[in-house]
Amino acid sequence: MIPFLLPARLSKDWENAKEQVDDLRMRLEQEADYFSACLLMPRKAVIAAFEARFTRNPLVLTETVAYHLKADAGLMFSQPRGSLLFAEAVARAQQFDRLRFKSLAQYFGLSARAMAIRLEELGLVAPYLHA
């Protein structure tokens, strides 16, 4: 039956059921995203690869770190809380403090965005606001 033809009470129940299904779908998608991140980027492997490249855990955004990432410090420091710009720069970095390496995103075969999210989840990067 089409919702707009239902009496008001049933229509409201229909909308509530639809919201519950949408919420469930969103939670299931989040769980699937987290599962795939853990599968493709296992915690121990990410930490080992990160520490081999950056030696600091967590890597905190400072002027020096931005310089070594070849990133625009002004832009990095102006980002709002929750921005992934710093984490993405770390995920894409191919050199740091005179050390050259394959970026974490390339190493794990993922996008810089996906890698940045995982770095944040594991607490490996810390924007200066959170340090």
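Which residue forms a salt bridge with Glu88, the closest N and O atoms being 2.8 Å apart? The residue is Arg113. A salt bridge is here a side-chain nitrogen of Lys or Arg within 4 Å of a carboxyl oxygen of Asp or Glu. Helices are DSSP runs (H or I, at least four residues), numbered from the N terminus.

The model is predicted: local features need pLDDT of at least 70, side-chain atom pairs count only at pLDDT 80 or more, and totals for chains, interfaces and linings use all residues. Residues are numbered from 1 along each chain as its sequence is written, and side-chain values use heavy atoms, with hydrogens and water left out.

Across the whole structure, a search finds three salt bridges. Side chains of opposite charge can pair when their charged atoms come close. Glu88 also meets Arg92 in a salt bridge, at 3.5 Å from N to O. Both of these residues lie in helix α5 (residues 85–92), four residues apart, or about one turn of the helix. An α-helix has 3.6 residues a turn, so residues three or four places apart point the same way. Accessibility is classed by relative accessible area: buried means under 20%, exposed over 50%, and partly exposed in between (1.4 Å probe, protein chains only). Glu88 is buried at 16%, whereas Arg92 is partly exposed at 45% and Arg113 is partly exposed at 46%.

Glu121 is partly exposed, with 42% relative accessibility, while Arg118 is buried at 3%. Salt bridges that share partners join Glu88, Arg92 and Arg113 into one network.

The buried residues of α7 are Ala112, Met115, Ala116, Arg118 and Leu119. Seen down the helix axis, they fall within an arc of 165 degrees and so line one face of α7; the arc is that of the directions from the helix axis to the C-beta atoms. Just after α7, Gly123 takes a positive phi of about 70 degrees.

Attention now turns to the nonpolar core, a set of buried Ala, Val, Leu, Ile, Met, Phe, Trp, Tyr and Cys residues joined through side-chain atoms within 4.5 Å. The largest such core has 32 residues, of which Phe50, Phe54, Leu69, Phe86, Val90, Met115 and Leu119 touch the most other members. At least two residues of this core come from each of α2 (43–54), α3 (63–68), α4 (73–77), α5, α6 (104–108) and α7. Leaving aside neighbours within four places in sequence, Met115 is in contact (heavy atoms within 4.5 Å) with Met41, Val46, Ala91, Leu104, Ala105 and Phe108.

Leu85 lies in helix α5 and is partly exposed at 25% relative accessibility. Not counting residues up to four places away in sequence, Leu85 touches Leu75, Met76 and Gln79. Leu85 and Ala116 are 31 residues apart in sequence, and their C-alpha atoms are 8.4 Å apart in space.
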